[in-house]
Amino acid sequence: MRFTKDHEWVALEGDIATIGITAYAAEQLGDVVFVEVPEVGKVVAAGDSLAVVESVKAASDVYAPIAGEVVEANAALSDEPETVNAVPEQGGWFARLKIADPAQVEALMDRHAYEQYLSTL
Amino acid sequence: MSETDLKRTPLYDAHVAAGARMVPFAGYSMPVQYKDGVLKEHLWTREHAGLFDVSHMGQARLRGVSPLLAFEEVTPGDFIGLKPGRQRYSLLLNKKGGVIDDLMAARPDDDGLFVVVNGACKDNDFKVIENELAGQVSVDRLEDRALLALQGPEAAAVLEAHAPDAVKMAFMDSAAITAFGVDALVSRSGYTGEDGYEISVPAADAERVWNTLLADERVRAMGLGARDSLRLEAGLPLYGHDVDDITSPVEAALTFAISKKRRDAGDFPGAARIMKELAEGPTRVRIGLRVLVGAPAREGAEIADENGAVVGKVTSGGFAPSLGAPIAMGYVPPAMAAPGAKLNVIVRGKQQAAEVVAMPFVPHRYVRKV
């Protein structure tokens, strides 16, 4: 699993990257009450808005850490947005992207580096 | 504004020690939530008792030969008719009939009029009152007092041990009583739609009172997040968002704050516009919306008719924890304002079905008779 400074995680299997937000991000957001996941087929560049998570107070964008095409979205989150708080780094994933360049994932932080980064916040 | 410029309430240290997330609000560093988070805090207040630090709000005594009479010059309320021991919701109006602020004014005792105004507006409000009522009243700000709100169905039972006189009060009663062993100004009112109290105590006693209340297992600390979602469900407008200085009380659906006596006399600021709107109807009016599908519609989201034509704007909105659904307040033409009217809200470019509903969204549970 790789991580971004915006607190997204990426898990790569072959050329499919699953994307979610970290436990730290879920904690910061507070109780998630609504999730908007992307449509299958949507093509995103790195840094594009991929999903929106809403807490009681505010809406926050989730950005695509890497470029790719959405091949699956986590539809279960529309009925159970609280999954994002409960298991952010497992069942709380937002979308799976078919990616062109796995090297983009390798360039992201590993867990050790991400935890180092968190300790500076 | 940097963190160091922010003012602190007498309870700042208590908030930080309790693990609150502090944010800038009305020039103060204020708790937006504690460890439980907004959702749990909100539901706790609806079921038990929530404790809020609202010391950022402006408290003042208006003193003079006839402060009640004078106050009628800047508001549409019947203050001559305000009996000792009672409190009234009112509006500070400008000459164009816009709302400078909404406020509570009370007679807890014989010492003039005790007013509580919004924190973000207080400096301007008190300046306006001083200027408009120069020579009639003095505005004596109570900077040395904290203000706490205890809200929820268990608030009265909690307060009974510390302020026995408070449980004899009814909704919108105001009294100068001994509470927690000190001189307190207490009203049975609040900003959540629940039964509850607002309690003004000397700043030096604030932390002791706060900790005494939190030691009761029925009481939990509430941040500004829960305060906002609770008032939204209660249909209560937030000044600066749902009401501002170009909005009239008629547009804002606050005509109840224009007393009959004053309406008959037409002698309040902005009366020309307001009387015309009362007679002919305003061009837009504040409504409540249930968002039927999709994301919460938040402040600034456009409201459209069923054909997609934009007809208004959301002024505050979010997820209603007690309803488990998104709700909003906003302004639309009166022809579209009847409960049941089908409208759309536009969120991130998508039209989402919504329906006009009567406010409050969650019934008020005020204790009007004791």
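In the predicted model, helix H2 (residues 38–47) of chain B packs against helix H7 (residues 224–233) of chain B, the two axes coming within 9 Å and crossing at roughly 55 degrees. This angle makes H2(B) oblique to H7(B), and the crossing is right-handed. On the H2(B) side the contact is formed by B:Val38, B:Glu41, B:His42 and B:Thr45, which meet B:Gly225, B:Ala226, B:Ser229 and B:Leu230 of H7(B). By residue class, the contact of H2(B) with H7(B) comprises 3 nonpolar, 4 polar and 1 charged.

In total, 13 residues of chain B are in contact with 11 residues of chain A. On chain B, at least two residues of the side that touches chain A come from each of H2, H7 and strand S16 (310–320). The side of chain B that touches chain A is made up of 6 nonpolar, 5 polar and 2 charged residues.

Elsewhere in chain B, strand S14 (residues 285–291) contains B:Val291. Because 27 other C-beta atoms lie within 10 Å, against a threshold of 20 or more, B:Val291 is classed as buried. Its contacts, leaving aside neighbours within four places in sequence, are with B:Pro296, B:Ala297, B:Pro326, B:Ile327, B:Ala328, B:Val345, B:Gln352 and B:Ala354.

Note on methods:
Residues are numbered from 1 along each chain as its sequence is written. Chains are lettered from A and ligands numbered from 1 in the order in which they are written. This is a predicted model: local features need pLDDT of at least 70, side-chain atom pairs count only at pLDDT 80 or more; totals for chains, interfaces and linings use all residues. Axes are lines fitted to C-alpha atoms, for helices over the stretch in contact, and angles run from 0 to 180 degrees between N-to-C directions. Helices (H or I, at least four residues) and strands (E, at least two) are DSSP runs, numbered from the N terminus. Angles under 35 degrees count as roughly parallel, over 145 as roughly antiparallel, 65 to 115 as roughly perpendicular and the rest as oblique. A crossing is left-handed if the near helix is turned anticlockwise from the far one by less than a right angle, and right-handed if clockwise. Two residues are in contact if their C-beta atoms, placed from the backbone, lie within 7 Å. Ala, Val, Leu, Ile, Met, Phe, Trp, Tyr, Cys and Pro count as nonpolar, Asp, Glu, Lys and Arg as charged, and the others, Gly among them, as polar. A residue is buried if 20 or more other C-beta atoms lie within 10 Å of its own, exposed if 12 or fewer, and partly exposed in between; C-beta atoms are placed from the backbone.
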